[in-house]
Amino acid sequence: MSLAPSEPSPFVAAQCERLRAAGALGPCLDLACGRGRHARLAAHAGLFVVALDRDAPALGAVAELARAEALAIAPLRADAESPLGLPLAPGRFGAVVVTRFLFRPLAPVIAALLAPGGILVYETFTRRQRELGSGPKSPAFLLEPGELPALFPQLEVCAYEESLRSGGAGDAWLAGLVARRPI
Ligand SMILES: C[S@@+](CC[C@H](N)C(=O)[O-])C[C@H]1O[C@@H](n2cnc3c(N)ncnc32)[C@H](O)[C@@H]1O
């Protein structure tokens, strides 16, 4: 089995300049990072990255990737749904990237992780994904139309879209948000 991460989401990759600039404010958190495709993108953009996931093999792949490409990525094993919260200090991150993961109660915690001026790049499935017969089926993991920006009322929206995307991982109905914590 290949340990290589898949290609980054085009929506996240398009935020590379914003991520690079956000690196001046603090590290990047790739939350629910999987095999680290966006941790890799952010690290190549020059950011120090904390790559958090609860899955040990996925984090092993991230650690191997960081070694192989000499990237500043710190894998962190944690449960983002723990009632104890995240083992991360608020207000410290220049950027938080979340893709294909949704746990609605975490939204205010994510917003609070950002330093003033820091950016959130969030992309995940909408309920239209069910039309495609693949991916998550539970409403707990599927956004309602217009819901993603509404989960982050503390942040200023820089960009938002909902669309059907085609790519290596197959077609997906995704919402993508870029939002900034006010200074
Ligand atoms: C569909 S994958 C997406 C991975 C990555 N963000 C990407 O887009 O390639 C979802 C990831 O969320 C992680 N995950 C699910 N629930 C989690 C939790 N409660 N805490 C931390 N990670 C979690 C899984 O282990 C998995 O790696």
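Biologist: On the 1 Å grid, which pocket is taken by the ligand?
Modeller: The model is predicted, so local features need pLDDT of at least 70 and side-chain atom pairs 80 or more, while totals for chains, interfaces and linings use all residues. Numbering runs from 1 along each chain as its sequence is written, and side-chain values use heavy atoms, without hydrogens or water. A pocket is an open set of points on a 1 Å grid over the protein atoms alone, with protein on both sides within 12 Å along at least five of seven lines. The ligand takes the space of the largest pocket.

Biologist: Which N or O side-chain atom lies 2.7 Å from a nitrogen atom of the ligand?
Modeller: A polar contact is a pair of N or O atoms within 3.5 Å. The ligand nitrogen in question is 2.7 Å from a side-chain atom of Asp79.

Biologist: How much of the ligand's accessible area does the protein cover?
Modeller: Areas come from the Shrake-Rupley method with a 1.4 Å probe. On its own the ligand has 600 Å², and the protein's share of cover is 78%.

Biologist: How much space lies in the largest cavity?
Modeller: A cavity is a set of grid points where a 1.4 Å probe fits but cannot get out. Its volume is the space filled by probe spheres set on the points. For the largest cavity this is about 30 Å³.

Note on methods
Polar contact = N/O pair within 3.5 Å; in protein donor to acceptor, adjacent residues only side chain to side chain. 1 Å grid on protein atoms, 1.4 Å probe; cavity = no way out; pocket = protein on both sides within 12 Å on 5 of 7 lines; lining within 4 Å. Sits in = over half its atoms within 2 Å of the grid points.
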